[in-house]
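Below are my notes for a colleague who has not seen this structure before. Please read them with the model open.

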Amino acid sequence: MRIPDPALVVLVGPSGAGKSTWAAARYRREEVVSSDALRGVVGSGPHDLDATEEAFTLLERIVDARLARGLTTVVDTLGLDAERRSRWLLAARGAGLPAVLVLMDTPDAECRRRNSSRDRPVPASALAGQLRRHRELVRAAEAEGWDLVHRVEPDTGRVADSAAERTVHRTTPERRTSQGLRVVLQVSRFPWGEDPAGWMAAIARAADEAGFAGLALMDHLIQIPQVDRAWEPIPEPWVTLGLVAGLGTGLSLGTLVTPVTFRPAGITAKAAATLDALTGGRAFVGVGAGWWAREHAAYGLDLPPARERLDALAAAIETMRALWAPGTKAYDGQRVSLPETTCYPRPAGRIPVIVGGSGERRTLRIAAELADGCNVPSDLETLDRKVDVLRAHCRAVGRDPAEVAVTVLDLPVVGRDRDDTWARVERQRGRSPAAAFARRTNAGTPADQRDRYGVLADRGVDTVFVALRDLAGPEDVAALAPLLA
Ligand code: GTP
Ligand code: MG
């Protein structure tokens, strides 16, 4: 940068072009005279347009006073007013200082994008006017008599610390196996004895070290009979994920699945946004319609008929998305209207929503219409059929099927070797014949499971949620590492 110093430096660029950011990175705070900041001094804040006239009166006095003392002065306004520019230029001349015009060459689309993800965006029509005037000025600037016209190239590679930037880039690269799968550990049983927090942390650390892409927790109020006895612990998942978030792993964290009947959708949106902020963009939400009457009755929750629950599922996804969107504007959607969408902390990235449940007529349709993923059973026959139906729904609603990832929940019996595998089958099979149970649960070693996952990947599966039926501790998780190579 060959900008002389001391100098008068006049910034020019539409809202969101990056003027204030550029100045803050190069000059002392006292050297930058900003109309926004002065609006905040004489008015209620940087956006108080009623204070504009007085703010500019002050700005002119400060510019004059500093230049008269030979001090570097950076003028941070839109810079689009020709009369003001010529005044500042003359003042610099009078003080014997070089006058520099700094033109921000940020592309229009980038200004619009940054503007729309701001808390208080400039109205689109006003921004369009600024962009037009800026283009005219860029052509005319050389003729105005500046000692230097400095153009700032768009800097797209920079990792900015703004909320806008974080919305676009998720911070951790996705973890995929060589088969192209994301494998997420789903935890549905919690045999944590006397040390719940220690057990949970050890499971999460083991999953992180083994190379899992994420950790998913089941969301039930009473342990379901398919997994364990009703008096075994089944912790509230969002609270528990908060503990895992604090461990600083690279795992994606979420639920598989949260029933829409448990919490109003806005509260789930809040929990997920908070988790996403705390993990730097690694939250996801599995949602389903809810099904188990007993837990609803026990906790005083309604379990309306399926039709209403599915309506609620679609509305929940719409509500979450509305609250996670940038800004605070009112939302008037197909199923939901909200007077404002003020939800801070904002999520750090786009939070994936995965619909669980595979009802072909409505659940898969809702997934096709609204979700980022759809979770279906992992046995090949069912999988193939559900994927066909899901894709057909996508076509029917005009959605690119590639936008809805196929995820499966897989519940294998995994043993270190043949002996260990059959010992586990024997312990878990209950009254089922051993061979049938082993077949149904795909009993085998991690290498056997890996072969099977290759087939799933070939069938178009994006993510496997793997749950161990007999998960006891972190060593069981560590033993799955060969699955994740
Ligand atoms: P107004 O004050 O509204 O006229 O905008 P401004 O031109 O001062 O823009 P500001 O510096 O406030 O930047 C707007 C947004 O763009 C912020 O979220 C910045 O973090 C982001 N930003 C600014 N400069 C850069 C840059 O060089 N690269 C990237 N990637 N983002 C930037
Ligand atoms: Mg600014």
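1. Helix α15 is followed by Gly430, whose phi is positive, near 60°. This is a predicted model, in which local features need pLDDT of at least 70 and side-chain atom pairs pLDDT 80 or more, while totals for chains, interfaces and linings use all residues. Residues are numbered from 1 along each chain as its sequence is written, chains are lettered from A and ligands numbered from 1 in the order written, and side-chain values use heavy atoms, without hydrogens and water.

2. Helix α15 spans residues 418-428, and Asp420, Thr421, Arg424 and Val425 are buried in it (under 20% relative accessible area, 1.4 Å probe, protein chains only). Seen down the axis, these buried residues fall within an arc of 140°, so they line one face of α15.

3. The face turned away from that side carries Arg418, Asp419 and Arg427, which are exposed (over 50%). The cover over the buried residues of α15 includes α16 (434-440) and α18 (474-478).

4. At the start of α15, a side-chain oxygen of Asp417 comes within 3.2 Å of the backbone nitrogen of Asp419.

5. The second largest pocket has a volume of about 1,400 Å³ (a pocket is an open set of points on a 1 Å grid with protein on both sides within 12 Å along at least five of seven lines; lining residues have an atom within 4 Å of a point). Of its 46 lining residues, Ile224, Gln226, Val227, Leu409 and Leu411 lie nearest the centre. Helix α12 gives the largest share of the lining, four residues.

Note on methods: Helices (H or I, at least four residues) and strands (E, at least two) are DSSP runs, numbered from the N terminus. The arc is that of the directions from the helix axis to the C-beta atoms. Contact means heavy atoms within 4.5 Å. A polar contact is a pair of N or O atoms within 3.5 Å; within protein, one must be able to donate a hydrogen and the other to accept it, and residues adjacent in sequence count only if both atoms are side-chain atoms. On a 1 Å grid over the protein atoms alone, a cavity is a set of points where a 1.4 Å probe fits but cannot get out, and a pocket is an open set with protein on both sides within 12 Å along at least five of seven lines; lining residues have an atom within 4 Å of a point. Grid points are joined across faces, edges and corners, and a volume is the space filled by probe spheres set on the points.
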